[in-house]
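Subject: Structure for you to look at, with notes

Dear colleague,

Here is the structure I promised to pass on, and my notes on it follow below. Please open it alongside the text, as the notes are meant to be read with the residues in view.

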Amino acid sequence: MTAGLAVPPRRRCGAAGRCRRALGALALAAVTAVGASCGTGAGGAEVEGVHVVTTISIFADFAREVGGDLVTVESIVDIGGDPHTYESRPSDAIRLTDADVVLHNGLGLSPWYEQLDGNVQGIDVELTAAIAEEAVTEQDGVVDPHMWMVPRYVAEGYLPAIAEALAEADPANAEAYAANAERYAAEILALGDELAAEIATIAPERRLLVTSHDAYRYFADEFGFELVGTVIGVSTEEEPRAGEVAELVDLIRARDIPAIFLETTVNPAVIEQVAADAGARVGDPLYGDSVGEPGSGAETYEDMMRANVDALVEGLNG
């Protein structure tokens with residue numbers, strides 16, 4: 001966080017995307033006017049329309065779908081980066097200060113963001129606020145933040161929050177944002193049905209999921225998988241414990257699980273060793289905290305979810 005950087009109070013978006021106005025009427029009008037014109041992006045470059053900064057690339061994809069040509073979007077954590085272990089830079093505080101709208105997940109996904117959010121002068125949107133009551137708390141008291149892994153949650157929580165924030169920043173185009181969000185929500189719900197139909201090709205007794213990182217609990221519950229185990233927990237900052245890894249190896253052998261899965265943003269070394277020790281193979285990589293690199297076929301949220309299900313079907317059907 002930039003030392004000594006003084007900022008005025010900011011607006012936070014809460015449940016159902018409603019924002020508590022901390023600015024006075026004149027200040028709010030000034031912020032709105034800036035949001036609808038052009039501002040400054042990364043490296044001092046001029047941006048057109050509403051300037052949106054997101055914590056991760058998945059939310060940037062959502063923002064582009066809802067905002068269309070009316071927004072300029074940038075993600076702090078680059079594609080392929082890990083939002084749990086990301087180390088912020090001084091320039092990130094400036095990016096947040098310059099943004100008209102900032103989109104972050106909440107639920108403890110990115111501890112580094114909590115140290116920087118005092119720099120936000122625009123609209124600060126916690127994307128899970130309207131659906132947080134459905135969040136899962138692990139036995140150790142840690143809340144699982146990966147709610148975007150369920151398309152239904154994206155349609156019901158993430159997209160309405162983004163549309164309302166953009167309309168707040170740019171009231172003249174509120175109808176366009178609402179229409180884009182409605183269209184994209186319908187696509188996302190249809191995606192959920194598509195994924196369910198493909199997953200149905202895996203026999204229920206073979207839907208046994210072992211992953212490197214505990215990012216797929218909501219996904220497993222939604223689509224009928226049993227989450228057998230993970231090498232590390234909800235946060236990739238955790239270190240695998242030797243005893244727990246040995247227990248997981250025994251469990252994979254006992255359940256005759258043919259493939260286990262590595263997430264693209266996690267170091268592969270431990271899960272590769274687990275697979276070797278258990279006599280399983282490592283399936284095609286899964287996307288969880290980031291969309292795929294250009295050329296991966298998983299560059300958008302929809303495509304990354306399809307890639308995940310393709311990998312699961314191929315790996316678990318053997």
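Arg 183 and Glu 65 form a salt bridge in which the closest N and O atoms are 3.3 Å apart, a salt bridge being a side-chain nitrogen of Lys or Arg within 4 Å of a carboxyl oxygen of Asp or Glu. Because Arg 183 lies in helix α6 and Glu 65 in helix α2 (residues 57-67), this pair ties together parts that are 118 residues apart in sequence. Helices here are DSSP runs of H or I with at least four residues, strands are runs of E with at least two, and both are numbered from the N terminus. Arg 183 is partly exposed, at a relative accessible area of 34%, and Glu 65 also counts as partly exposed, at 24%; on this scale buried means under 20% relative accessible area, exposed means over 50%, and partly exposed is in between (1.4 Å probe, protein chains only).

Before going further, please bear in mind that this is a predicted model, in which local features need pLDDT of at least 70 and side-chain atom pairs count only at pLDDT 80 or more, while totals for chains, interfaces and linings use all residues. Residues are numbered from 1 along each chain as its sequence is written, and side-chain values use heavy atoms, with hydrogens and water left out.

A search of the whole structure finds 13 salt bridges. In one of them, Arg 306 meets Glu 194 with 2.8 Å from N to O, and this pair links helix α10, which holds Arg 306, to helix α6, which holds Glu 194, across 112 residues. Arg 306 is partly exposed at 27%, as is Glu 194 at 35%. Salt bridges that share partners also join Glu 74, Arg 89, Asp 92 and Arg 95 into one network. Within that group, the side chains of Asp 92 and Arg 95 meet at 3.3 Å, N to O, and these residues, three apart in helix α3 (residues 90-98), are separated by about one helical turn. Asp 92 is buried, with a relative accessible area of 0%, and Arg 95 is buried as well, at 12%.

The contact (heavy atoms within 4.5 Å) includes Tyr 184, Ile 188 and Leu 191 from α6, and Tyr 301, Met 305 and Val 309 from α10. Its residues divide into nine nonpolar, no polar and six charged, where Ala, Val, Leu, Ile, Met, Phe, Trp, Tyr, Cys and Pro count as nonpolar, Asp, Glu, Lys and Arg as charged, and the others, Gly among them, as polar.
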